[in-house]
Amino acid sequence: MKLKTSPQPPTFAAPPANFQRRRLMGWATRTLAGASILGVVDPRVRAGAWAAGTDAPEKTEVKIGFIPLTDCASVVMASVLGLDQKHGVKFVLSKEASWAGVRDKLINGELDVAHVLYGLVYGVHLGIGGPRKEMAVLMGLNQNGQAISLSQQLKDAGVTDGASLARIMAEKKREYTFAQTFPTGTHAMWLYYWMAANGINPMRDAKVITVPPPQMVANMRIGNMDGFCVGEPWNARAILDKVGFTAVTTQEIWQDHPEKVLGGSAEFVSRYPNTARAVTAAVLEAGKWIDASPENRRKTAETIAAKSYVNTDAAVIVDRMLGRYDNGLGKTWDDKHAMRFYGDGAVNFPYLSDGMWFLTQHKRWGLLKDHPDYLAVARQINRIDVYKQAATAAGVSLPAQEMRSSTLIDGIVWDGSNPAAYADAFKIKT
């Protein structure tokens, strides 16, 4: 099965957010008594913790790409709240149209860093997601908060979950098409893992296509696919527009899973290490601010809903950002593992085992022909050294270990201890 890529729409830059910056800065100052406890400091008062001396950022204007998704929030809010200037840099935000576009601009240097798919960074580093270039993960931006949506037509046919999808697909009455956002990315891996956990071989039993996140709902509406995996708010949008329902959230597949990262080229980090640290510290503080209260999350939803960012109604963003879920089938719940941006730093630490997991799935599905040196690759990409410096600057605690353990939806434990055996042990694979 070949993974097909949809034509890319033109890329466009986000308009300046100066008005929103001033408005939200005023709100934060009034509401939080100066907000110094959360690190929200008017840049006109404090120019930056690292603005002078040998630790000063080498490059003070940093171009950062993002895709219109809820989980771009900490990158956007770092700019809107002035946290970038606090750390001696200025974010120039660039709204991108597709992950392929983000990849290309990181490779050719048009973007310094980006809100980007974890698996995309690893794929580019190994040359399986486009041209090969050494890459770097500076921090995790969020955990959880993605979903797999299935079409209204499947709902009408009696499909409500993975088991019922497997039954209807086994009848082989027609070809079924599913979309992910980038061949080596997180959404492809969540989709494949979930399908396989339900006895469906995504490489044999389905057709898989690549569609940019903002185009998912429109493509489902016209019947181009039967389901998709994407970040919010596009799963919520599918329900609101009555074109689909949520079959499973990604936190049901892997509780507190890694998702988007702040990523860039290894060349950028090597050339501008102080800048990389400053950018990471600013985004860390923004994630801390977002997670500090429901009110901060609501303000964030209102901000990123703007045309210059996600370009949708704030109401479509806010419920799932607060953990309030409706699956479009009549079930509602408060999710204890909804999208989070900080989690006392647990969200943001670039665990080696997280990066290694994506490599195991790349091997499982034939994107890698041979087993790589999993740990060596993860140590090269995940810049724990830069993260620790940024965490110190932002006052963020560090975990005791560089690996973590999780049990996924199929009951299989992943802890990074034997990645080759883990990758080879799956019954359903290429």
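In which helix does threonine 186 have its place? In this predicted model, threonine 186 lies in helix α8, which comprises residues 186-197. Its relative accessibility is 0%, and because buried means under 20% relative accessible area, threonine 186 counts as buried. Leaving aside residues up to four places away in sequence, threonine 186 touches Leu117, Tyr118, Gly119, Glu259 and Phe358.

Helix α18 spans residues 384-394, and its buried residues are Ile384, Val386, Tyr387, Ala390, Ala391 and Ala394. These residues cover an arc of only 150 degrees around the axis, and therefore they lie on the same side of α18. An α-helix has 3.6 residues a turn, so residues three or four places apart point the same way. After α18 comes glycine 395, which has a positive phi, near 70 degrees.

Attention may now turn to the charged side chains. The count of salt bridges comes to 20. One of them joins glutamate 285 to lysine 86, with 2.9 Å between the closest N and O atoms. This pair connects distant parts of the chain, since glutamate 285 belongs to helix α13 and lysine 86 to helix α3 (residues 83-86), 199 residues apart. Both glutamate 285 and lysine 86 are buried.

How far apart are the closest N and O atoms in the salt bridge of arginine 204 with aspartate 205? The distance is 2.8 Å. Arginine 204 has a relative accessible area of 63% and is therefore exposed, whereas aspartate 205, with a relative accessible area of 22%, is partly exposed.

Arginine 297 forms a salt bridge with aspartate 291, and here the closest N and O atoms are 2.5 Å apart. Arginine 297 is buried because its relative accessible area is 10%, while aspartate 291 is partly exposed, at 23%.

Salt bridges also occur in a linked arrangement. Arg221, Arg237, Asp241 and Asp313 are joined in a network of salt bridges.

How values were computed
Residues numbered from 1 in each chain as written. Predicted model: local features only at pLDDT ≥ 70, side-chain atom pairs only at ≥ 80, totals over all residues. Heavy atoms only, no water. Helix = DSSP H or I, 4+ residues; strand = E, 2+ residues; numbered from the N terminus. Buried < 20%, exposed > 50% of the residue type's maximum accessible area, 1.4 Å probe, protein only. Contact = heavy atoms within 4.5 Å. Arc of directions from axis to C-beta. Salt bridge = Lys/Arg side-chain N within 4 Å of Asp/Glu carboxyl O.
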